[in-house]
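Subject: Structure handover

Hi there,

Here is the structure I promised to pass on. My notes follow it, with the cut-offs spelled out as the terms come up.

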Amino acid sequence: MFRRPLTTVVFGLLCALVPMAAQAGPGEAAQVLATLSADPVARDKAIDNGARNATFCANCHGQSGVSNIPDVPNLAAQHPEYLLKQMNAFITGARKAPFMEGLMRALSPQERAELVLFFATRGAPAGVSGDPGQVATGKAAFAQLCARCHGADAHGTATAPRLAGQQPKYLRTSLMRYLTLSGERFYAPMTAQVTKLGEERIEPVIQYLRTLR
């Protein structure tokens with residue numbers, strides 16, 4: 001059975017007690033990220049700082065952003081702007097996960113910007129081979145329904161996540177939440193596309209994405 005280290009659990013519980021009012025608005029972190037990204041020296045220093053702060057993320061997401069847990073997403077090689085938007089969504093309550101909400105609220109805008117720069121510069125996991133028939137079906141479905149937002153290579157953008165090499169179980173759970181309208185995931189464009197995809201093509205798409213890096 002997986003157990004989080006006590007220090008991480010205690011840290012998460014303490015974070016949950018941090019009042020949202022004490023945190024700077026999400027826009028400030030975006031400004032910090034833009035400033036750091038424009039200065040190569042400051043950016044390199046921020047990545048080093050992010051590596052140290054990533055200790056609190058490593059227990060679930062892996063020290064270099066490749067997850068240790070099948071239903072926890074990889075963060076490595078994601079776009080920094082996209083990662084920051086997800087952090088901010090936890091802070092505002094747009095995404096629900098008590099542990100993550102508390103952790104994100106405990107980080108300063110500077111620390112959040114440094115973390116996303118660190119993870120964005122980590123190497124993505126290597127692709128693996130899959131069943132040729134399923135991979136071909138998934139590739140065609142991805143090109144038809146997913147590539148417009150996630151990119152032809154599934155490397156994502158500032159507004160859509162990188163899917164190449166993502167954890168299969170995490171992808172499966174997320175796509176099924178959109179498909180079943182469970183309430184845990186809702187974004188109208190995604191819901192529409194996953195509905196077109198249908199449950200029968202979810203697995204082929206996942207198998208195709210596993211082959212990419």
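With which side chain does the side chain of Gln-167 make a polar contact? The partner is the side chain of Asn-74, at 3.2 Å. A polar contact here is a pair of N or O atoms within 3.5 Å; within protein, one must be able to donate a hydrogen and the other to accept it, and residues adjacent in sequence count only if both atoms are side-chain atoms.

Before the rest, some ground rules. This is a predicted model, where local features need pLDDT of at least 70 and side-chain atom pairs count only at pLDDT 80 or more, while totals for chains, interfaces and linings use all residues. Residues are numbered from 1 along each chain as its sequence is written, and side-chain values use heavy atoms, with hydrogens and water left out.

**Overall picture**

The protein has 12 helices and zero strands. Helices (H or I, at least four residues) and strands (E, at least two) are DSSP runs, numbered from the N terminus. Of its 213 residues, 44% count as buried; that means under 20% relative accessible area, with exposed being over 50% and partly exposed in between (1.4 Å probe, protein chains only). The accessible surface comes to about 11,000 Å², and carbon and sulfur atoms hold 59% of that. Those areas come from the Shrake-Rupley method with a 1.4 Å probe, and for residues only the protein chains shown count as cover. Among contacts between residues at least 6 apart in sequence, 70% join residues at least 24 apart, where contact means heavy atoms within 4.5 Å.

Gln-167 counts as buried, at 15% relative accessibility. Leaving aside neighbours within four places in sequence, Gln-167 is in contact with Ser-67, Ile-69, Pro-70, Val-72 and Asn-74.

His-61 belongs to helix 4 (residues 55-61) and is buried too, with a relative accessible area of 11%. A polar atom of the His-61 side chain lies 2.9 Å from the backbone oxygen of Pro-73. Not counting residues up to four places away in sequence, His-61 touches Val-66, Ser-67, Asn-68, Val-72, Pro-73 and Leu-75. Ser-67 and Val-72 therefore touch His-61 and are also in contact with Gln-167.

**The annotated site**

UniProt, in an unreviewed entry, places the feature "binding site" at Cys-146, Cys-149, His-150 and Met-190. These four span 45 residues in sequence, yet no two of their C-alpha atoms are more than 11.0 Å apart, so they gather at one spot. Please bear in mind that UniProt positions are given in the numbering used here, feature names are shortened, and annotations may be inferred rather than shown by experiment.

Cys-146 is in the loop between helix 8 (132-145) and helix 9 (147-150), and at 14% relative accessibility it counts as buried. Beyond its neighbours within four places in sequence, Cys-146 is in contact with Ala-141 and Gly-151. Met-190 lies in helix 11 (residues 188-197) and touches His-150, Leu-175 and Tyr-178, not counting residues up to four places away in sequence.

**Cysteines**

How many disulfides are there? With a disulfide taken as a pair of cysteine sulfur atoms within 2.5 Å, the count comes to zero. For Cys-57, the nearest cysteine sulfur is that of Cys-60, 9.1 Å away; Cys-57 is buried at 10% relative accessibility. The sulfur of Cys-146 is 8.9 Å from the closest cysteine sulfur, in Cys-149, which is too far for a bond.

Helix 12 (residues 199-210) has 12 residues and should span 16 Å at 1.5 Å a residue; its end C-alpha atoms are 18 Å apart, which agrees. The expected span is 1.5 Å times one less than the number of residues. Buried residues in helix 12 are Ile-202, Pro-204, Val-205, Ile-206, Gln-207, Tyr-208 and Leu-209, and their cover includes helix 8, helix 10 and helix 11.

Ala-77 lies in the loop between helix 4 and helix 5 (80-92) and is buried at 19% relative accessibility. Leu-181 is in the loop between helix 10 and helix 11 and is exposed, with a relative accessible area of 53%.

Happy to talk any of this through.

Best wishes
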